[in-house]
Every structure is written in C-alpha cells, then in structure tokens.
Amino acid sequence: MKKTIILALSIFGFSVSAQKTHEVSAKETPYSISRKYGLTLEEFYNLNPKIKDGGILGIGDSVVISKASNISDKSPVNPAIGQVSVQPRQSLYALSREYQISVAEIRSLNPEIGESLQIGQKINLPLENIKKYIPPKVVSQTPAPSPSLEQEDTPVVPVQNKSGIYMVQPKDTYQTIIKNFNMSLSELFRINPGLEKEGLQPGVYIVVARNNPAISAPTEKVRQKDFTPREKTQKKEIKAFDIADDGTNYTVQPGDTIFGILNKFGISLDQLIELNPSLATGLKAGMVIRIKGSSDKTSFIKSSGDALNIVLLLPFGFDAKDAKYRTAALDFLTGAKLAIQRSIEKGQKLNINIIDEGSEASFKKVLTSVNRDNTDLIIGPFFKSDLEALMSYVSSKKIPVISPFANAKDLYKYDNLIIVETEASVYAERIAKEVSTAYNGEKIYIVGSGQSYAGAIQAMLEKSLGHPNISVLKNAGDIKIESNIVTGQPAPIITILASDNEGEKTNFVNTMINLGKEAPGTRSFSMFYSTDFEKKEDELGNVKLVYIMDRKINTQGEFEREVLKQYTSKFCKSPSKYAVVGFDIMIDALSRENAKGEIFNKMGKVQTHLATKFEYEKTKEGAYINKGYRLVRLNP
C-alpha cells in the first residue's frame, strides 16, 4: 500500500509540472480567466472539463491555463463561442427557445449566472446557433483565429443587418465603429448601456442603429424580444440614460409608476428597493433612480430544477400613493431577506418574487401579478380584506398562503391558509388556567376596558372555580385592598391585566408594585407583554407576576446573537418588530418546506426562532392557526 501511494504521488507530480495553472480569485469567471491567458472559452473548458460538466469555480481553486507538453496543439474542433446581450424580460428559457439550445447547455457555457438574468448581461452561446437564429445572418463565415496566434492586420468590414445589430470583430475599436456607422462615441455608449465600462468584446452584438426597435424609448412598452427587422421603422424619441458605476440610472417621468418601471426594465421590486432606499418616501417625477445592479439578485423565474417559487405580498403602497404601512413593509422585507440568505447558504434553492400589495382599495388589480401556475408559497398580504381576495384567487390551485397578521374565525374555512398571529383568546384561556391553579379563595380583579377578553376570562373562571368573587374594572387604580376579618391584616388578592393598551399596562405595573408592599401574598397575571415587566422585574417578582409574550428576543442565546449580528452587519441597524416578524415567518416556512413544496407535511413541528414560537394546530374548518406563545413567571 505504501508503494502504491508513493507511485501515485510521483505520477501526479509529473503531470502538474507539464501544465501551467492559475489560482482563482474573487469575482473571476471562466470567461475572464480565458481572456487573461489568451484562451477561447472552449479551450478553457477543454483544459478544465470538470468545470464544463457543471462544476463550481471556487475562490482558491487551481485551473489549467496552458496545455501539457504531450497534448496536441491542434485547434479545438468544438464550435466557437459568441455572445448575446440579454434583452428586456428575457429569461433563460426564452434564450433557449430563441437559439435552439437547452437551458442546461446555456448554464454549462455560463456557470457564473444565477436563476435570473439582467438586461444587458452578456451570455455565451455557440456561435453556430447565433448565426443560424438571428436573421439576417450578421457574422463572419470564417472562425476567428486563436488569440494566441499572430494575425495579419486585416481591414474590418462593418456588417450590419436591417435591425441595426452588429457583431464586434477582433480588430474593432470605438473609433472604427463610430466611423463606419456614422455616429458619435457618446451616442454609441448611450444606446449600449454598460459598453463604456465593459469595453468591446469580439463576438458580442451591439446596437449601431438609432432606430433599432430594441432601444425604443423607456416610456413605450417593449413588444419584441428578438431582433426581427422591420422595413419601416419610424424614428422614436429616446430618453437619455446616465451610466453609473454599477448600473443604469433613469429619470422618473410624470405618469411613471413602480409597476410600469418594473415591466420596462425587467427588474424585480426587491432589486429596485435595494438599489433605491429613497423610494421609502415614494416615487416622484424628476428623481433619478437606479434600475440595474449586479446580476446575483433573485427574481421570480421558475427553474427546471427543484427551486421553490415564493411570492411576498407587502403593502409598500408605491403606486397607490399610500405610505401608511411602507416602513413596516420595508422592515418586514429586510428580516425576510436575511432568512432567505441563510437558507440559500444552506443549499436551499429559492426564487423570490416581491409584489407591492398596494392599498386595500387597489389590491384586486395586484392579484394578476401572482402566477398561479408557477407559485409554491405566498407570504402575505397584511390586510384581512386583501387576504380574502387572494384566497379566492388561488382557490383552484390550493397554493399555501401564510398570513402574517390577519386572524379571524371567518378565515378558518380556507384549508390552504396558515395563520401566524396567535389569537388573543388563546392567551385568555391560558391565563384563566393559571389563575385557577393559583386560586385560594382570594378576591379577583380583572382590569380591561373596551375589550371582550375580561369578560371571557371571567366566564372561564366562574366555570372552573364555581362562584368566585370577581370584579371587572376599567382602571387598575380602582382596585381596593380589604382587611382579613380575623387578623385585621390586608388580605392578598389576585389581579389580572386583560388589556393591550400601553397606558393601562403602565398603570397596572405601578399599582401592582404598591400592592405587593401593601398586601403581601398578592398574585398578578397578564395576558399581554409590556416592556415595563422587564424594567421592573425585581419589584414585580414580589407579586409573582405571570405573563405571556409572543415575540421577545433572548439576547443571550447563541442563535439569536448570531442572527442579530448578521442583521446589524447587513442593514446597519437593529431589527425592528416587523423585521423580527419577517425573519421568523420566512425562516420557519422555509424550514418546513421541501423541494416539492410540501409545507403541510411538516406543520406538526413546534419550533421557536428569533422571537416567535410556532405551534400550529389544524382547525376543524381547515386552516392552520398558530397557538404558540411563551409564558414567563417572575419570582421574588
């Protein structure tokens, strides 16, 4: 065995010495490496077949960049590679149909691309397919010689089809192109966003005609996805674009809407918001927004693999000009995006489509943005009326829908609905149970104004305790301490807070602290959480306060500290209540999902994430409701 290992190492050492390698650094791709060493993309793949067969190019990997001495110097027989630029609303599937090549083959030629494409992104395709399927043919009939060989200086013959598309030749420069096509350099850059930054690349198609339908004004809806020539094309007004370091800027015109901008430029709402934080104040004519960023963002494009298609419906209210819930929606999105990022890092494949829920009045128009045939899970909307409209819209497909906040018994009839917000009646039942266990003949005071919880707790206590002495008050200050008729000492009582009003919570806390001193043995309970409970923990321990909290972060937990650090690093702020909810709902949903979208198979799991406990129960009507909460007991 030892000799075999030594022999293997000797052979390995010989083979490496006959080849030159390159260590991959950040952001490098097969295309950039092949250009650096004067290789065609096909030559690079022939030298590194594992990468061509779907292997991932990782930082620190060694790739072969020159042939071994015993390898023939003959030119590769595989077809040459050209490039095309992605057009508005063009997907991998559309490219595969247009150029008669499978999606898998496109991915093998472009291993760096994700699930989505960006307008102007360069895609490697077999040159033969590009020649064959772009009419009329606009390519040289002789394969370009290898860049590593000396070439004679030959004049460039500009070849242009009727649609104004030109394939860059090996010896082309900016000056030769603008001279041959009678245009200025600024005009060339303007109608080819990104060209100035990326430079001319042989085999790549660029626009050289000012009346090309592919560059119609941003205010006109693009009707074509290809370069089919038109005999009579009227000249259209073209609005200027400013080229930014990392994308394209657009000046908002009067009448523009968010929905219209997304359609014009093939960008997702998530990308638009991330690139333009100023949109939190709304869309205004004259403002300059970025419409194109890096190519690693996700969009809602169904892949042929096992990726889950998830729709987020959030009330940004951009087009409805309703900013009431915009901050909450943006915060919810930040939390959800962190959960998505963590899930993707663990290998989960996701396609996310973020849709503006708008306002309650305009929601029905938004529904058409949800693709019922290509959606595995919907999170949102926030409002009950919108939720009912959505459930009706997807009823035939039974798409799982998670409601973050809306919770009402008339929603229980939808068997594909998952309700996250724990109904307050669950808290009332638990507090009544806690009081029944602690009861020892004391007088009971229930504090709660304008809510039915106090009456519900009273009814439950009377049923379980027989005929207890119960008083329902609107104000904690009205609680009276009575003396024990035998000892003459203040008699302990039981107090219950059944109100979520912040003022009443504060009043209750102060009253309980005083009662704990005045009548030792007094016990207190609360249906709802207050920050005062933690601020005055020691004093409230004297009344052995028991309270329910549904969302509170344990800042001492290892998982919680990790998530909080990640969130702060990513968004430069601490998570708000809505960010926490967004994270917890998304991470919980993804933990229950599988590649087939079978979320309902794992609804029995009880789990707590950053601050929310999820304990689902199927109602007799059909919906799943969350009965999760945490009970806190304070002791002296």
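Let me begin with isoleucine 402, which, leaving aside residues up to four places away in sequence, touches Leu377, Ile378, Ile379, Gly380, Ile418, Val420, Ile585, Ala589 and Ile599. Please bear in mind that this is a predicted model.

Ile402 belongs to the largest nonpolar core, a set of 60 residues, in which Leu312, Phe316 and Ile402 touch the most other members. At least two residues of this core come from each of several elements, including strand E10 (308-314), helix H13 (326-345), strand E11 (350-356) and helix H21 (558-571). Which helix gives the largest share? That is H22, with nine residues. Domain 3 (248-297) and domain 4 (308-421 + 561-626) each provide at least three residues of this core. There is also a second, separate core of 39 residues, and among its members are Tyr99, Leu127, Val168 and Met183.

I turn now to helix H17. Within H17, Ala454, Ile457 and Leu461 are buried. These three cover an arc of only 65° around the axis, and therefore lie on the same side of H17. What do the buried residues of H17 pack against? Their partners are helix H16 (424-438), strand E15 (444-447), strand E16 (470-473) and E17. After H17 comes glycine 466, with a positive phi near 95°.

Strand E17, residues 494-497, contains threonine 495. Threonine 495 is buried, its relative accessible area being 0%. Not counting residues up to four places away in sequence, Thr495 touches Tyr445, Ile479, Phe508, Met512, Leu515, Arg523, Ser524 and Phe525.

Finally, the aromatic residues. The whole structure holds 16 aromatic pairs. In one of them, tyrosine 453 and phenylalanine 528 have ring centres 5.7 Å apart and planes at 55°, so the pair is tilted. Tyrosine 453 is in helix H17, while phenylalanine 528 is in the loop between strand E18 (523-526) and helix H19 (531-535), so the pair ties together parts 75 residues apart in sequence. Tyrosine 453 is partly exposed at 22% relative accessible area, whereas phenylalanine 528 is buried at 9%.

Phenylalanine 559 and phenylalanine 583 form another tilted pair, 6.4 Å centre to centre with 45° between the planes. This pair links helix H21, which holds phenylalanine 559, to helix H22, which holds phenylalanine 583, across 24 residues. Phenylalanine 559 counts as partly exposed at 30% relative accessibility; phenylalanine 583, at 2%, counts as buried. Lastly, Phe332, Phe382, Phe405 and Tyr578 make up one aromatic cluster.

Key:
Residues are numbered from 1 along each chain as its sequence is written. This is a predicted model: local features need pLDDT of at least 70, side-chain atom pairs count only at pLDDT 80 or more; totals for chains, interfaces and linings use all residues. Side-chain values use heavy atoms; hydrogens and water are left out. A nonpolar core is a set of buried Ala, Val, Leu, Ile, Met, Phe, Trp, Tyr and Cys residues joined through side-chain atoms within 4.5 Å. Buried means under 20% relative accessible area, exposed over 50%, partly exposed in between (1.4 Å probe, protein chains only). Helices (H or I, at least four residues) and strands (E, at least two) are DSSP runs, numbered from the N terminus. Domain bounds come from an automatic or database domain assignment. Contact means heavy atoms within 4.5 Å. The arc is that of the directions from the helix axis to the C-beta atoms. Rings of Phe, Tyr and Trp (its six-membered ring) pair if their centres lie within 6.5 Å; planes under 30 degrees apart count as stacked, over 60 as edge-to-face and the rest as tilted.
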